[in-house]
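Visitor: I am new to this structure and would like to learn how to read it. Please take me through a few features.

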Amino acid sequence: MTGSDLFITAYALIYRISTWVPKQILHIFSSWAMRRIMAGMQHPQESPAIQVTDLRVTLGGQPILQDITFDVPAGSITGLLGPNGAGKTTLIRSIVGRQRLGGGAVSIFGMPTATPAARRLMGYMTQGLSVYGDLTVRQNVRYFAAMTGRSKQQADDVITEVELNEKADTLVNSLSGGQKSRVSLAIALLGHPKLLVLDEPTVGLDPVLRKRLWQLFEALAAKGSTLLVSSHVMDEADHCQNLLLVRGGKLLAHDTPAALMERTHTDSVEDSFIQLVGGKL
Amino acid sequence: MSPRKIIATAGRVLNQLHHDRRTLALILVVPPVLITILKYVFEDQEQLFSGLAPMILGIFPLVIMFLVTSIATLRERSTGTLDRLMTMPISKLDFVFGYALAFSALAFLQACIASLVVLGLLDVTVLGGTLPVLVTAVLSAFLGTTLGLFVSAFATSEFQAVQFMPAIIMPQLLTCGLFVAREHMAAPLQWFANVMPLTYSVDAMKEVTLRAAWTGRLTRDLLVVVGFGVAALVLGAVTIRRQD
């Protein structure tokens, strides 16, 4: 590292602090104000659960997502389908506010994502496990419950929902792969957030368990939650009211499964997808 | 920032250590064993050992907490748990203060055991008394934790994180006055030592060893140590990105 590099690094650091500290102060005030406004409202506004407008993401000069625009209505299950490397995870990270956007905007129930107010409304299940292997199931869920302002009771409730009661006091590291991913799901379900964003929640699960989880998702949607579920398995489309088909960073289609199959004259979502990309994958 | 979330994070970190008994045992047992070995290394130089032992009481917690924290936070980044936390309505300071609190508590336990061995069993006399020794040791550990938190941002693998110990702690260790009094070192090394935090935690231990009363210099040293610690914590919070 040369002297000027060091200077630039130091300057960048000082600059980041000088912008970060006022931002923290602003956050505290804005989230307080937002809570006051929300408390005063009789009915939450009828904004779509997710609104993505002209979203663009570039990583290392490579375009990962291009010109993505769609709405997800509240109270529905939307499937985000596409092959591996299509940009599903980047899209999901953009929605939950973990991705720096190259352009466009994402809002959650009318609020810009990556704000404390928006974070309070959603549960996110990452594609990796993102749980502490050296803690028990209950310790994991209770910790994240504390971090999201939920009670111990709510933590125990979601453990029951993902059917891990018998394993509640087992270390996560000694669970099977499918059980571990259910711990991760349980954390996303904490307090039944209005929006659930699940990145490949059923990958690696046996068919019986997969079916039971889809029943759980349907029950949550019936109670008013909005779900966005990604998958690279096209037959999971049957459980969704809306589908987002993604390939090569572009949104190929946004429709109901029935309309999609009618439009492409096919009788499965998988065939529609192949039809849409022109017969070649 | 919320005290409840800080305490929850500290509790979670301690719970993880509770399940990892071997790490816990190493943290608590290694320092007193090493100091005991040192006593027999200096068997014929009682005077020299009595001067060294308290300084080492300040260095151990710093070095060990630095290593443990840098690996722990790196793991937090690589397993995605930090990713998940950053989508939750928490402040980055909840996270870093939680870590600092947990490891400072552990450091207190470590300092108590090591001090008990040094002052009780190995007959080292410290004019300042036990309490200032413990205070200095805990603040040194706090500094180690916060430095570990900060540097873990610059490591992308455990291999790199472990190398930060020789890269960042060793130069400070060589120049802090442990081996040679700082007045006898070349001027550039003195300048270096004067701006490095470890110098002040070792200097504080020297003060405690040699002076019966709580001196102004001891207060100054400890304030410098705490100041460096808080600065490293804030820098650590800045290096955690909400969006990447």
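**Reading two chains**

Guide: Start with a crossing of two helices: α3(B) and α9(B) cross in the right-handed sense. A crossing is called left-handed if the near helix is turned anticlockwise from the far one by less than a right angle, and right-handed if clockwise. Helices (H or I, at least four residues) and strands (E, at least two) are DSSP runs, numbered from the N terminus. This is a predicted model, in which local features need pLDDT of at least 70 and side-chain atom pairs count only at pLDDT 80 or more, while totals for chains, interfaces and linings use all residues. Residues are numbered from 1 along each chain as its sequence is written, and chains are lettered from A and ligands numbered from 1 in the order in which they are written.

Visitor: At what angle do the axes of α3 and α9 of chain B cross?

Guide: Axes are lines fitted to C-alpha atoms, for helices over the stretch in contact, and angles run from 0 to 180 degrees between N-to-C directions. Here α3(B), residues 46-78, and α9(B), residues 197-210, cross at roughly 145°, and their axes come within 9 Å.

Visitor: Which residues of α3(B) and α9(B) meet?

Guide: Two residues are in contact if their C-beta atoms, placed from the backbone, lie within 7 Å. On the α3(B) side they include G51(B), P54(B) and L62(B), and on the α9(B) side L198(B), S201(B) and K206(B) are among them.

Visitor: How many helices and strands does chain B have?

Guide: Chain B has 10 helices and 0 strands. Its radius of gyration (taken over C-alpha atoms) is 18 Å, close to the 18 Å of the globule rule for 244 residues, so chain B is as compact as a globular protein of that length. That rule is 2.2 Å times the number of residues to the power 0.38. The C-alpha atoms of chain B fill a box of roughly 60 × 40 × 35 Å along the principal axes.

Visitor: Where does chain B touch chain A, and how many residues are in contact?

Guide: In chain B, 24 residues are in contact with 27 residues of chain A. Helices α1 (3-19), α4 (81-85) and α10 (216-239) of chain B each supply at least two residues of that side, and the largest share, 7 residues, comes from α1(B).

Visitor: In what sense do β9 and β10 of chain A pair?

Guide: Two strands pair if DSSP finds at least two bridges between them. Strands β9(A), residues 242-247, and β10(A), residues 250-255, pair in the antiparallel sense over 5 bridges. L244(A) has H254(A) in β10(A) as its bridge partner. The hairpin has 2 residues between the strands, and G248(A) takes a positive phi near 55°.
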